[in-house]
Amino acid sequence: LEAPRCGAPAPNAASPRAWRRRGAAMSVDRDGTEKYAYRIDDGGTACFCFPLRTAVAIGGLATTLVAIAMLVDRSGAEASLRPLVGGYKAQSRAFVNVVEVLGIFWGPVGIVGAVGLKTSFVKLYLGFQIVRLVVWAAIYCIDLSAFSRCNQWTRNVDEMTRTYGWNEIMFNVALHDRCDEERLIFVVCSVVALLVYLSFTRATQQLLAGMEEEPRYLLRVTGGSVNGAFYTQSLASKSIQTKMRQQDDTRRGEVATSSRQASQMAQAQDGSADASVVPTVEEQQEEGRQGQAGEQSFAMAQAAGPPPSAV
């Protein structure tokens, strides 16, 4: 699928307008069975740039890479993620470690769901993203409360240690007199990261809605409805179908006309051959009259007797 231009507005993927933009290709088998192939055109975007499926796949890939980094080098990964998601206290670091390491399982689920259009996988990955957002909110509350008394770590270390426990990260920040600077960096970076992650979570939700929704104007099949992700109706399909049927009818008419002409020619040839061999009724009557005249002449000759002998 082609990606839209960065910054270009895109219609809602679940709207009727977006559904009408989806294409359908038709093929006809030898036995005349018509088959249709449909595709999903994910018209929405994430971060005003990435298509929905691409955004979900990128989010799953990023989640997997972060989980691998946490497993390989936890201290380095924590230091890199701290301005974005927090982790300035022992409780917040524990939350960060748990939720990010779990991405080793849920990241591939999101990738497979986006690439293979598997509704169940996308739904599971969306659940993980929502849980991650809730955990991040708890982390922000914990870390912001830690920054409120950051300067006390250099003025009264014993009391802060008895009250909150030893916190080497906050002690180093206060020791270098960077409490206000570190707080500003954390607030700005965490808000930006939260907005980006919300955009990717919204993309997952829109993709899932487009995969599960069946437009109201589609024909409902008796005995069960078809999943909207794999059944759509293009505006061009009816005209294409009508055109192909007209072509088939024209082709069948030409074949029937050719067969009829060949049959007539064969019958004409058989009739001429029979006419040359079998005598007509007039010929049979003429032959009968000639035979009767010959019999009468023979009877008269016998009645007259033998001819006189020559003297």
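**Reading a predicted helical model**

Analyst: Glu100 and Arg132 are both buried. Buried means under 20% relative accessible area, exposed means over 50%, and partly exposed lies in between (1.4 Å probe, protein chains only).

User: What kind of model is this?

Analyst: This is a predicted model, where local features need pLDDT of at least 70, side-chain atom pairs count only at pLDDT 80 or more, and totals for chains, interfaces and linings use all residues. Residues are numbered from 1 along each chain as its sequence is written, and side-chain values use heavy atoms, leaving out hydrogens and water.

User: Back to the first pair. How do the side chains of Glu100 and Arg132 meet?

Analyst: Side chains of opposite charge can pair when their charged atoms come close. Glu100 and Arg132 meet in a salt bridge, 2.6 Å from N to O. The term needs a side-chain nitrogen of Lys or Arg within 4 Å of a carboxyl oxygen of Asp or Glu.

User: Where do Glu100 and Arg132 lie in the chain?

Analyst: Glu100 is in helix H4 and Arg132 in helix H6, 32 residues apart, so the pair links distant parts of the chain. Helices (H or I, at least four residues) and strands (E, at least two) are DSSP runs, numbered from the N terminus.

User: How many salt bridges does the structure hold?

Analyst: Seven. One of them joins Arg74 to Glu78, with the closest N and O atoms 3.9 Å apart. These two are four residues apart in helix H3, about one helical turn. Arg74 is exposed at 52% relative accessible area. Glu78 is buried at 15%.

User: Which residue does Asp180 meet in a salt bridge?

Analyst: Asp180 meets Arg183, at 2.9 Å from N to O. Both lie in helix H10, three residues apart, about one turn of the helix. Asp180 is exposed at 56%, while Arg183 is partly exposed at 28%. Salt bridges that share partners also join Arg178, Glu181 and Glu182 into one network.

User: Now the core. How many residues has the largest nonpolar core?

Analyst: A nonpolar core is a set of buried Ala, Val, Leu, Ile, Met, Phe, Trp, Tyr and Cys residues joined through side-chain atoms within 4.5 Å. The largest here has 40 residues, and those with the most contacts inside it are Tyr88, Trp136, Cys150, Trp153 and Met170. Elements giving two or more residues to it include helix H2 (52-72), helix H6 (119-147) and helix H10 (179-212). H6 gives the largest share, 10 residues.

User: Which residues is Trp136 in contact with?

Analyst: Contact means heavy atoms within 4.5 Å. Leaving aside neighbours within four places in sequence, Trp136 is in contact with Val85, Val99, Glu100, Ala193, Leu194 and Tyr197.

User: How many aromatic pairs does the search find?

Analyst: Nine, across the whole structure. Rings of Phe, Tyr and Trp (its six-membered ring) pair if their centres lie within 6.5 Å; planes under 30 degrees apart count as stacked, over 60 as edge-to-face, the rest as tilted. Trp106 and Phe128 have ring centres 6.2 Å apart and planes at 20 degrees, so they are stacked. Trp106 lies in helix H5 (residues 103-116) and Phe128 in helix H6, so the pair ties together parts 22 residues apart in sequence. Trp106 is partly exposed at 29%, whereas Phe128 is buried at 6%.

User: Which residues do ring pairs link into a cluster?

Analyst: Tyr88, Tyr140, Phe147 and Phe186.
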